[in-house]
Amino acid sequence: MADASTQDMLPIGDWVNEIIHFMLDHNAGAFDAIGNSIDWFANMVEFVLLGIPPLIMGGIFVAVGLWRLGWKFAVFVVAALGLIWATGFWSQTIATLALTLSATCVSLVLGVPVGIWCARNKIVNTVVRPVLDFMQTMPAFVYLIPAAMFFGLGRVPGILATVVFAVPPAVRLTNLGIRQVNKEQVEAGHAFGCTSWQLLFKVQLPIALPSIMAGVNQTIMMALSMVIIASMVGAGGLGNDVLASIQRLDVGLGFESGLAVVLLAIILDRITESFGASPSARSEQGS
Amino acid sequence: MKQSAKIVVKNLYKVFGGKSSEVMDMLRAGEKKDAIFQKTGSVVGVNDVSFSVQEGEIFVLMGLSGSGKSTLIRLINRLMDPTDGQIILDGKDITRLNHKQLVDLRRRDMSMVFQSFALMPHRSVLDNAAFGLEIAGVDRKTREARAMEVLEQVGLAQFSAKYPHQLSGGMQQRVGLVRALAVNPSLMLMDEAFSALDPLKRTEMQDILLQLQREHRRTIFFVSHDLEEALRIGTRIAIMEGGRLVQVGTPQEIIEKPADDYVRDFFKSVDTSRYLQAKDLIEAGLPVHASALGQHVPPSCSLPDVLQRLLGQTEPLQVRDANGECLGLITPSSVLTKISQHRLQTTASH
């Protein structure tokens with residue numbers, strides 16, 4: 001590939017290689033620090049989740065399902081988790097859940113503030129939009145490899161590659177949610193003497209919450225789909241089984257592990273979706 | 001009663017779309033709004049507007065959509081910044097305030113009611129009512145007590161724990177009104193506040209507003225496109241067209257002497273004879289002689305009262321001012337002439 005690009009009129013590939021190598025040579029310390037803190041965080045999340053006995057873990061899911069969506073969904077959760085348990089994928093599923101949650105947390109910590117910034121600043125928005133397009137459509141393998149070069153094989157490059165893929169919906173839907181706040185509601189904030197921060201925390205963010213929660217939901221879904229691919233750099237979890245099934249042409253194993261991914265996805269999707277319900281549904285809860 | 005000016009607006013301009021200094025030069029050179037738009041692409045929203053609002057009056061700004069009235073009301077609390085001119089509130093020019101002073105001013109002196117209510121859907125009625133006080137940093141107990149007090153005034157106390165979407169439009173706007181009153185502002189801005197309500201609810205809200213004014217007089221700057229509303233609640237009415245003020249005056253002055261056809265058009269569907277007063281009904285030809293005969297009425301006496309007095313008496317009715325000076329005489333024929341003039345105007349323009 002590098003050979004081909006040397007003959008190009010515009011050797012972007014060479015420049016990227018140069019940049020990557022320069023960064024590897026000169027900023028190793030920074031990458032180590034980032035990598036270590038992410039590794040520590042992901043370890044902690046996994047340690048906690050794996051430390052919870054399966055029955056209690058399952059109980060928590062069923063209870064949340066019952067609280068947010070009612071008994072029908074709770075029955076589904078019982079059946080789904082039972083199936084995962086019975087096919088022997090429990091610990092891998094929890095590992096995948098831990099990876100997904102770690103990546104989601106990092107994505108939201110980065111994505112929501114950037115989304116707010118985009119909503120408030122035209123220039124930032126103009127710059128960020130193509131970057132988001134880039135992050136979402138650039139084939140995952142392309143940045144999976146440099147991530148592994150920077151951080152070594154394992155969970156960290158997997159999580160970071162996942163973050164690249166999962167940040168855009170958090171940014172986009174936070175931005176959209178804030179922009180969709182009714183003009184007169186923003187004016188009301190100003191008219192009663194809100195400072196910039198008060199406007200953000202007392203008017204814009206609360207009103208944008210349903211949209212932001214939709215962003216959280218999308219981020220989780222994106223993260224879940226990406227942590228499977230991230231197993232190629234050794235992220236672990238259900239992705240390992242999916243990868244093994246491809247390598248061994250074991251269709252049955254592939255289906256079982258894939259099914260566990262699907263069931264986990266449905267559970268996470270429905271639960272997080274319920275938190276983004278309209279304010280009327282929320283107030284009914286409250287009153 | 002001696003009145004002082006609450007707001008004095010002097011030569012106010014608002015230009016949208018950049019090139020404002022260029023546009024200002026063109027405006028001063030006497031160019032028309034349309035020509036400026038053709039040449040620069042900039043829209044002149046408010047064009048050389050001057051007026052004053054007296055302490056304690058309800059000043060109604062009227063105009064069709066696009067006339068600049070929504071822009072003008074937003075210049076007064078600086079939701080929009082004027083391009084040129086002065087807005088003097090309580091003797092201070094507020095166009096020069098910095099951001100911090102502006103925030104203080106909005107918290108202390110003014111509040112606003114919006115056409116779309118603009119309540120916060122995530123807050124209960126009580127929390128919405130207390131919003132302004134919360135922003136100003138008033139502690140929870142004090143602000144909730146104050147909000148509750150105002151909610152009681154408009155009969156919404158029992159809904160304090162509800163959320164806006166659980167209330168009807170009229171009730172939501174009452175919450176909007178409470179939110180604006182809770183901060184106890186000396187100036188209240190109301191932007192088409194009742195326009196989104198059905199006619200019955202609109203009248204009800206106007207009554208509430210007038211009742212609140214009787215209990216505690218505030219200066220109210222009210223934007224409306226509804227003439228009936230303006231005549232009903234307005235102490236004075238200003239009429240705006242294409243960014244300019246066409247006429248400012250009391251409801252009677254505007255009905256009696258509309259400045260141009262644009263103003264006259266507003267009255268098309270309104271029976272203006274209802275708003276006639278004794279001083280408008282004076283017989284032009286009759287010499288004023290201070291005859292002791294017959295009854296007399298004050299100049300502001302309403303048409304129904306004049307008719308009642310006039311019935312069953314042969315002598316003309318005297319119009320006397322507060323000093324007992326006779327201003328003129330009303331005869332049955334002068335009343336008939338005036339009423340038919342107004343009616344004919346109304347039907348002619350249909």
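Okay, let's start with one pair: A:Lys202 and B:Glu134 form a salt bridge through their side chains, 2.6 Å from N to O. By salt bridge I mean a side-chain nitrogen of Lys or Arg within 4 Å of a carboxyl oxygen of Asp or Glu.

Quick housekeeping. This is a predicted model, where local features need pLDDT of at least 70, side-chain atom pairs count only at pLDDT 80 or more, and totals for chains, interfaces and linings use all residues. Residues are numbered from 1 along each chain as written, chains are lettered from A in the order written, and side-chain values use heavy atoms, with hydrogens and water left out.

Back to the interface. Across chain B and chain A the rule finds three salt bridges. The contact (heavy atoms within 4.5 Å) takes 30 residues from chain B and 23 residues from chain A. Together the two chains bury about 2100 Å², 61% of it on carbon and sulfur atoms; that's accessible area, 1.4 Å probe, lost on putting the two parts together and summed over both. On the chain B side, B:Arg106, B:His122 and B:Ile135 lose the most area to chain A, together 22% of what that side buries.

Now, strand 7 of chain B, residues 187-191; strands here are DSSP E runs of at least two residues, numbered from the N terminus. Five of its five residues are buried, so the strand is largely enclosed by the rest of the structure. Buried is under 20% relative accessible area, 1.4 Å probe, protein chains only. B:Leu187, B:Leu189 and B:Asp191 sit on one side, B:Met188 and B:Met190 on the other.

Key. Buried < 20%, exposed > 50% of the residue type's maximum accessible area, 1.4 Å probe, protein only. Helix = DSSP H or I, 4+ residues; strand = E, 2+ residues; numbered from the N terminus.
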